[in-house]
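Please keep the sequence and the model in view while reading.

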Amino acid sequence: MVTVSIDIGGTFTDIIIIDKEIHYYKVPTTPANPEQAVMEGLSKYLHKDIDEFIHATTIATNSLLGQYGLELPRTALITTKGFRDVIEIGRQNRPELYNLDFHRPKTLIPSKLRYEADERTDVNGNLVTKLDTDSMENVKNSLIKNKVKSVAICFLHSYMNPENEVNLKNYLSEYFDNISISYGVSPEPREYERTSTTVVNSVLMPVVSGYLKRLKSVLDKFGSPEINMMSNAGGLVSVDEVIKKPVNIIESGPAAGVIAASEFSSILGIDKVISFDMGGTTSKAGTVINHNVEITAEYEVGGSSHHGRIVKGSGYPVRFPFIDLSEVSSGGGTVIWKDKTGALNIGPMSAGSEPGPVAYNRGGKEPTLTDSNLVMGIINDKMSGSDKILRKDLALKALEKLGNPYEVAESAIKLANLEMARAIRLVTVERGLDPAEFTLFGFGGAGPQVAMPVADELGIRNVIIPPEPGVFSALGLMLADIKYEARMSYPEDLEAGFTGLEQKLKYQVNDPEFLRYADCRYVGQGSELTIPVEVPDRDKIIKDFTDTHNRTFGFTLERPVEILTIRVFAIKKRVKPDVKSGKNTENKPFERNVYISGRWESVYVYQRDALPVGQKINGPAVIEEDGSSTFVPPGWKTSRGENNELRAVRL
Amino acid sequence: MTDWEIIGKATQFIAEEMGVALKRSAISPNIRERMDHSCAVLDSEGRIIAQAEHIPVHLGSFKIGSRNIINYMREHNITLKKDEMLITNDPYISGTHLNDVTIIAPVYHDEKIFCYVINKAHNVDVGGPVFGSLNPDARNLYQEGLIIPPVIITDDIIKMILANFKDPETARGDLNAQISANKMGINRINELKSKYGADEILSSWNSLIDHSRELSLMALKSWQSGEYTAEDYLEKGIEKINIDIKLKIDEYGVIADFQGTHSEIEYPLNAVEGVTFSAVAYAIRSAMRYSIPTNDGFYSIITIKAPYGSLVNPENNYPVSGGNVETTQRIADVTLRALSAFLDYIPAASSGTMMNIMMGGKIGNKYWSYYETIGGGNGGRYDSNGESGIHSNMTNTLNTPVEIAEKEYPFFFTRNNLRRNSYGKGKYHGGEGIVRSFRVRSRTYISVIADRFIIPPWGLKGGFPGKTGKLYIISNGKKKSMPSKFSTVLEENDEVIVETPGGAAYGEKQ
């Protein structure tokens with residue numbers, strides 16, 4: 001049995017092959033044709049057929065942002081008469097308050113490709129004006145004349161009654177391959193967000209199906225295995241599902257990281273986990289409680305984030321289940337700079353992977369957090385995924401421009417830690433959770449360097465550095481379960497509603513387990529809390545909602561509670577490969593100077609593979625492995641656990 | 001010794017986190033979805049250390065409001081004890097209008113007040129004769145709702161307040177959210193104190209303010225010193241109400257002198273000093289074009305000279321509800337216009353009105369009230385067209401989704417599109433306004449406070465003005481054009497059509 005998982009990230013394509021033993025590889029990503037890196041990696045490292053192939057990719061986001069010359073297909077939108085510009089007006093806010101030169105994200109549907117249909121459904125689902133498909137002939141002709149590749153249809157209140165949308169889709173499907181109706185993608189109220197979701201889905205349909213076709217032909221050389229893809233919600237879905245609803249895979253890579261943390265936390269028996277994934281340009285945090293991930297339905301693709309949360313109106317809203325992550329733009333490549341008055345700042349600019357940190361010697365001029373870690377002795381000079389050596393002299397020179405290079409480096413890292421702690425606060429404190437009760441899982445190329453200092457900011461006393469932190473997300477793919485979602489709004493009868501959704505899901509997943517949720521709010525509130533449902537009893541759900549509201553916000557209200565949307569996840573557990581066995585090497589620790597709290601200290605540097613299980617190491621210390629370094633600050637004690645994890649405890 | 005940058009950033013995060021807490025737990029869509037609220041940390045003297053604002057009109061008004069509240073407490077010998085909070089909505093003290101309710105709480109250290117946390121949120125109804133409390137017919141402050149002087153919050157005070165607000169349940173939720181946001185702020189400041197120590201924090205806060213002031217002065221240095229004047233107008237019926245500004249700019253600061261501006265009026269367009277300050281501060285800050293931390297350092301470079309008894313600094317008890325939503329836009333416009341004399345990148349005028357619509361009525365034996373604002377066209381820029389269907393300058397509140405509004409209120413929407421050809425033509429044209437229309441499904445009271453129905457948004461460098469706003473009511477098949485400010489009753493099935501102004505153009509069309 002050969003299982004392969006591939007996580008295509010912005011810089012590296014991570015490949016894990018399990019064939020009796022587990023092997024980890026990194027190859028540079030080929031952004032314009034991501035399947036190329038897959039081909040190169042597999043040809044180099046695998047000479048067998050693959051039985052199971054699991055995949056995460058950034059192609060959807062990259063296409064929407066128009067990166068790497070990826071072009072978007074010509075897409076049209078058909079709306080209820082009187083509402084064609086909802087997609088442009090959005091929520092009528094601007095993403096920046098004080099910028100006179102602001103621009104909205106480029107509209108995905110130009111004005112001339114927005115059409116209206118004479119139809120209307122009211123708030124209760126009654127057809128006020130039934131759609132006469134004959135009246136749509138002109139629209140159809142215009143779509144053909146404009147060489148439209150994909151069509152989005154979004155009518156008011158279609159989540160209550162999709163009849164008009166379905167009829168128009170049936171009418172147009174004779175002429176177009178790619179059609180999304182809003183009821184099919186996002187059957188819930190709020191017309192702008194639903195329209196945007198449908199449009200994003202339509203735009204992505206040709207892009208993603210084209211990519212998957214090319215990927216399939218690559219995999220034909222390796223026995224044509226079945227492809228499963230990681231969804232935003234952290235479950236595996238089939239290629240068919242992704243082709244129909246490409247919005248499924250917008251955040252597939254980051255989701256894989258949280259799933260890895262979740263699954264590994266079950267192996268270790270830890271109930272409350274913060275997953276903290278720090279890469280080259282961003283850091284992402286999420287919570288995992290009792291091995292369950294938090295789901296949110298609000299997301300904006302390509303949006304910019306402000307102190308960890310996406311700024312409304314800065315991207316394209318997508319209403320689809322996503323693992324709830326907060327994100328800050330602090331990564332290894334984050335740039336350190338001084339403003340005109342000489343005050344120290346970090347980010348949000350990033351040197352990314354091109355040109356990368358100054359020490360990469362690829363033309364980077366501004367010092368980055370990675371440069372700081374290098375000069376402080378926290379990381380060594382081996383470059384991840386390459387044979388090259390990092391240039392400490394160049395990093396030093398760049399930092400010197402800002403002052404004493406070591407002091408600047410240390411302050412910059414402290415500022416970054418504060419931002420990252422802020423991201424973690426958002427996913428805990430916002431929900432009434434105390435971060436101090438959690439264990440922090442630090443991974444991603446840069447996560448292990450800062451996990452313990454960040455934990456200190458939050459009063460967290462337990463940190464885990466999982467095995468292979470640099471490719472931990474790809475490991476998450478190996479550990480994920482099959483998971484599909486379906487939802488409906490304003491159900492009249494709860495049991496009938498849930499059963500109906502489950503029937504629908506049974507077509508997609510064989511013999512699944514079901515998880516039921518209800519999105520509830522006090523009437524008049526602007527957003528909902530998602531409440532797990534054990535029995536479809538309105539009073540019980542309302543009680544659970546009230547408790548959650550009280551825990552999260554600290555009060556309840558004498559107000560009716562409404563159930564806006566119900567959703568079901570169909571889950572099928574997979575047989576998980578053994579990912580926790582590690583190698584053992586014999587490397588002696590050596591000493592290195594590390595800059596800690598304003599002075600140099602000689603600390604021991606250990607090789608992770610060479611640590612005997614259970615041996616305690618007191619900070620300050622550095623533990624190195626391929627692709628990352630773990631920094632153990634003073635006051636922390638670390639040991640290698642039985643599942644090949646590093647366990648750190650605050651003394 | 002910890003760097004001040006680190007403590008400064010931590011303090012900014014506290015203000016932000018208070019804002020998140022407030023938004024997430026508030027009830028009214030106005031705060032939850034439209035984010036009509038702001039939070040700040042003040043030092044014991046009332047100087048703003050860090051502020052998280054989501055809506056520019058709160059930007060500078062906090063400075064004036066905080067100063068006034070601290071002075072008021074001194075004059076009246078009020079010392080807030082630990083766990084006590086003070087509430088007020090008196091616009092002549094807190095600096096905006098009655099709808100904005102401010103709550104302030106002390107943070108103690110060694111038995112002394114160390115600093116304050118404060119927040120302000122727009123409550124959808126604060127009493128008075130009309131739903132939503134923005135009363136176009138108000139002739140004095142008493143006709144705009146309940147005035148809450150600075151008083152310490154007690155259960156009785158809350159009872160008293162809620163008995164006067166028309167949607168007490170919503171108001172209770174929103175006030176709770178404001179109180180809990182302050183509690184969170186207090187806890188965070190206490191954590192900060194135990195981590196870094198009180199002295200270290202105070203000295204860092206001073207550095208933070210100095211830094212912001214220094215950045216602001218550097219921006220001013222690149223500006224051309226001098227005196228720049230401009231004039232713009234509001235509409236009162238067909239009467240023009242002028243706002244005159246003389247901006248005096250040198251390397252030490254900006255003085256905005258409103259000598260010559262129309263005197264105060266018995267009409268809800270008066271702008272209290274806080275509003276005037278905030279609109280000028282908004283324009284100056286935007287024109288500086290780089291990011292400056294919002295704190296007293298930035299504010300300290302701006303001086304307002306607003307004649308007492310004028311439209312932009314009225315005597316107590318003149319009505320002010322529209323000052324905060326409409327006059328504020330015009331003050332920003334006139335300040336930007338003055339700046340355009342030497343800064344080429346100042347855009348042409350945007351729609352210039354928030355198009356405030358307040359509605360309410362009775363379903364069964366319960367009152368409902370609803371408030372929305374509608375975006376317009378953004379002005380053309382020196383290098384690009386204006387954006388369409390968007391809020392400009394002093395507001396940035398979200399619209400209410402049609403599907404949610406229809407679910408909760410007796411409306412049936414018929415349109416929400418861009419208003420074609422509403423922009424001014426030129427080298428870079430403005431953005432388009434919005435057409436939003438709806439029918440009411442039951443008898444509804446409506447009040448509107450809007451502007452730019454007669455005098456259009458102005459173009460720059462030869463660009464044409466945008467189209468003026470319009471509002472129609474169709475009743476029994478008859479379409480009636482309405483003025484920019486009115487209140488009336490809509491009968492079942494009456495339709496309201498709102499057309500917001502388009503943005504003006506920048507530059508002559510070649």
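A:Thr79 stands opposite A:Cys154 of strand E9 in chain A. The two belong to a parallel pairing of strand E5 (residues 75-80) with strand E9 (residues 150-154) of chain A, which extends over 5 bridges. Strands are DSSP runs of E with at least two residues, helices are runs of H or I with at least four, and both are numbered from the N terminus; two strands pair if DSSP finds at least two bridges between them. The model is predicted: local features need pLDDT of at least 70, side-chain atom pairs count only at pLDDT 80 or more, and totals for chains, interfaces and linings use all residues. Residues are numbered from 1 along each chain as its sequence is written, while chains are lettered from A and ligands numbered from 1 in the order in which they are written.

In chain A, 4 strands make up an open sheet with parallel pairing, in the order E6-E5-E9-E10. Its edges are strand E6 (114-117) and strand E10 (178-181) of chain A, each of which pairs on one side only. Direction ignored, neighbouring strands of this sheet are turned by 20° against each other on average. Such angles run from 0 to 180 degrees between N-to-C directions, with axes fitted as lines to C-alpha atoms, for helices over the stretch in contact. Helix H7 (residues 191-219) of chain A packs on the sheet and touches E5, E9 and E10 of chain A, its direction making about 165° with that of E9(A). Contact requires the C-beta atoms of two residues, placed from the backbone, to lie within 7 Å.

Strand E9 (residues 253-257) of chain B pairs with E10(B) in the parallel sense over 4 bridges, and B:Ala256 has B:Ile304 in E10(B) as its bridge partner.

Finally, helix H6 (residues 168-196) and helix H7 (residues 198-221) of chain B pack with their axes 7 Å apart, at an angle of about 110°. H6(B) and H7(B) are therefore roughly perpendicular to each other, a term for angles of 65 to 115 degrees. In this contact, B:Leu192, B:Lys193 and B:Tyr196 of H6(B) meet B:Ala198, B:Glu200 and B:Ile201 of H7(B).

Terms used:
Angles under 35 degrees count as roughly parallel, over 145 as roughly antiparallel, 65 to 115 as roughly perpendicular and the rest as oblique.
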